[in-house]
Amino acid sequence: MRRYFMVGERKLSYLDFGGPGRPLLALHGHYNEASAFEPLAKALAPRWRVIALDQRGHGESDRARSYERDDYIADVAAFHQHLGVGSLPVLGHSLGGVNAYQFAARHPDKVGTLIVEDIGAVVECDWSFTTRLPRQAPSREALVAALGATAPYLECAFRQSGQGWGFSFDIDDTVASQKALNGDHWDDWTAVSCPTLLVRGTRSDELAADHAREMIARRGGRARLVELPAGHVVHHDALDQFSAAVTTFLSELR
């Protein structure tokens with residue numbers, strides 16, 4: 001079920017996939033939105049009830065003036081407060097992964113367990129792919145053709161308007177967000193105190209194997225690494241294995 005709440009004058013949207021399970025908060029990556037987690041929500045049900053935020057400038061949430069690190073973390077904090085939940089698992093992919101571990105580091109009482117999908121403690125994002133995206137296409141078929149092999153990873157964000165087919169995110173906003181995401185986030189990563197699962201795709205072009213292992217080593221036994229046969233979007237490429245790894249990790253901590 002889609003729901004909304006206000007942060008100041010901005011509207012934020014989220015999807016509560018429902019069910020009797022314990023809540024799990026999910027944060028998507030760039031080019032995506034909350035609906036990207038629908039297959040994962042089905043895979044984790046009924047034990048877990050996935051509640052996924054459309055982060056600022058994505059999905060049905062309003063665009064924003066700023067996409068800095070503190071802006072995203074404030075949104076997650078407001079989302080947590082709106083839900084009225086206590087400490088709970090937080091899962092984040094890419095952009096959402098950094099948001100998740102920074103939120104966990106700065107609000108340790110709100111995050112009981114953490115799952116970070118294919119993003120590092122140092123981010124060096126290349127936004128050239130973003131600037132090459134078509135801003136409009138005359139039809140859905142034309143948009144799919146222009147995107148080629150990447151279309152399945154972006155289709156949740158396809159939107160039709162009077163001008164044709166495009167995306168629920170703004171390309172210029174996304175570049176600004178990617179620029180703000182870049183940097184050294186080791187202090188936040190090492191400050192996380194809750195048990196953490198880091199999931200890496202073996203074909204990832206974002207998270208290198210050596211860096212992932214260093215992330216685990218610097219957490220002193222409070223984090224573990226799982227590598228699955230996938231690219232950057234592990235929950236898409238290896239859904240069954242990803243959901244099994246998440247379920248196992250969360251079950252062992254109960």
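The model is predicted: local features need pLDDT of at least 70, side-chain atom pairs count only at pLDDT 80 or more, and totals for chains, interfaces and linings use all residues. Residues are numbered from 1 along each chain as its sequence is written, and side-chain values use heavy atoms, with hydrogens and water left out.

Helices (H or I, at least four residues) and strands (E, at least two) are DSSP runs, numbered from the N terminus. Strand E5 spans residues 88-93. Six of its six residues are buried. Buried means under 20% relative accessible area, exposed over 50%, and partly exposed in between (1.4 Å probe, protein chains only).

Which strands pair with E5? Two strands pair if DSSP finds at least two bridges between them. Strand E3 (residues 22-27) runs parallel to E5, joined by three bridges. Leucine 27 has glycine 92 of E5 as its bridge partner. Strand E6 (residues 111-117) also pairs with E5 in the parallel sense, over six bridges. There, proline 89 stands opposite threonine 113 of E6.

**Salt bridges**

Side chains of opposite charge can pair when their charged atoms come close. The rule used here asks for a side-chain nitrogen of Lys or Arg within 4 Å of a carboxyl oxygen of Asp or Glu. By this rule the count is 20 salt bridges. Three of them are tabulated.

| Arginine 159 | Glutamate 60 | 2.8 Å |

Take the salt bridge between glutamate 60 and arginine 159. Glutamate 60 sits in the loop between strand E4 (48-54) and helix H2 (69-83), and arginine 159 in strand E8 (residues 158-161), so the pair ties together parts 99 residues apart in sequence. Glutamate 60 is partly exposed at 29% relative accessible area. Arginine 159 is partly exposed at 24%.

Arginine 106 is partly exposed at 36%, whereas aspartate 188 is buried at 14%.

Arginine 140 lies in helix H5 (residues 140-147) and glutamate 155 in the loop between helix H6 (151-154) and E8, so the linked parts are 15 residues apart in sequence. Arginine 140 is partly exposed at 31%. Glutamate 155 is partly exposed at 43%.

Salt bridges also form a network, which links Arg10, Arg56, Asp71 and Asp75.

**Backbone exceptions**

Most residues other than glycine have a negative phi, and most peptide bonds are trans. Where is the cis peptide bond? Alanine 45 and proline 46 are joined by it, with omega about 0 degrees. Proline 46 is in the loop between helix H1 (38-44) and E4.

Tyrosine 31 is not a glycine, yet has a positive phi of about 75 degrees. Tyrosine 31 lies in the loop between E3 and H1 and is buried, at 13% relative accessible area.

Aspartate 118 also has a positive phi, near 55 degrees. The loop between E6 and strand E7 (122-123) holds aspartate 118. Aspartate 118 is buried, with a relative accessible area of 0%.
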